[in-house]
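Here are my notes for you to read with the model open. Take the points in order and find each residue as you go.

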Amino acid sequence: MKISRLAAATAFSMIYLLAACGSRPDAGVLLREAKARAASAGSCAAVTVSELSFTANGAGHSFRSKTELVYRADPFAVKSAQSSQNDGAAGTGETYTVTEDGRLSFYCKTPSGWQKSDAGDLDTSPAAQIAALRLLDETESQSYVRETETGSRKTHKIELKLKSEVLRGFVENIVTASGMANGSSTAVQALLDGAPAVYGYCYADAETGDPLRLELDAADALNQIFGNIDGSPVKISVSACRTVCDLSTFGSAPAVALPEEAKNASSVQAEG
């Protein structure tokens, strides 16, 4: 359900009134507003940077990715440009998902040219398309930190206690790169089940309630996870594990236009 700017302004005026009287803003109210604003976003832009660096028995591994994404809800369209460095191997990618004649089509730029496939019954919600927004849905509890600035905007910094599921991708990378699973299909889940508390931050615009930045820094949590394995021949030491997502242009993101060269893309059968 979309929330009007008048309702949002009224809610945040009450928050400021409480703050002026010496009360701290309610983190639960702020987080619910941030989630509602994200869920009802007609459009927005997101830049997400993720980094993981660790050693396995002294051998270094490093993974870094950056995704620049533009999301539009109606008609649905997403542009995504990706770059990555995975243990020294560099990669780039460019994809579009657009609405054509009432159906969703997925375009992908490959070394041999553009390819097109049917996107099927894709979840078109902002949280499904912008991975970092899922941190808001994986929150177990929250607490207010302080008022600060994000870019040029006044924001409320909210600490999030997160479910261990937010670490799954990082744990999978470590397990795969180190070879420590030994073919086990349950190793990752077992490690997640033993995870300590995981924390992140949401920075919500003090005027509109929009979530402008999401942060996760989990190096300490991963070191505890892998440090608690008894008898493992693989010793893991994590030096960096973080994700930062900056969101902007809520309601005013640029239009997504399919490149001219993509319009002649070869059609391929979608997997699955």
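1. Let's start with names: helices (H or I, at least four residues) and strands (E, at least two) are DSSP runs, numbered from the N terminus. Aspartate 87, for instance, sits in the loop between β3 and β4 (89-100). Residue numbers run from 1 along each chain as its sequence is written, and side-chain values use heavy atoms, with hydrogens and water left out. Keep in mind that this is a predicted model, where local features need pLDDT of at least 70, side-chain atom pairs count only at pLDDT 80 or more, and totals for chains, interfaces and linings use all residues.

2. Stay with Aspartate 87 for a moment. Its phi is positive, about 50°, although it is not a glycine. Threonine 249, in the loop between β11 and β12 (266-267), also has a positive phi, near 45°. Most residues other than glycine have a negative phi, and most peptide bonds are trans. Proline 75 is in the loop between β2 and β3.

3. Now for burial: buried means under 20% relative accessible area, exposed over 50%, and partly exposed in between (1.4 Å probe, protein chains only). Aspartate 87 is partly exposed at 41%, and Threonine 249 is partly exposed at 32%. Alanine 240, in strand β11, is buried at 7%.

4. Which residues of helix α7 (219-227) are buried? They are Ala219, Ala221, Leu222, Ile225 and Phe226.

5. Next, the inside. A nonpolar core is a set of buried Ala, Val, Leu, Ile, Met, Phe, Trp, Tyr and Cys residues joined through side-chain atoms within 4.5 Å. The largest has 58 residues, and Leu167, Leu222 and Phe226 have the most contacts inside it. Apart from it lies another core of eleven residues, including Val70 and Leu258.

6. Finally, check some contacts (heavy atoms within 4.5 Å). Leaving aside neighbours within four places in sequence, leucine 222 is in contact with residues including Leu52, Phe170 and Val238. With residues up to four places away not counted, Alanine 240 touches Glu51, Leu52, Ser53 and Ala219.
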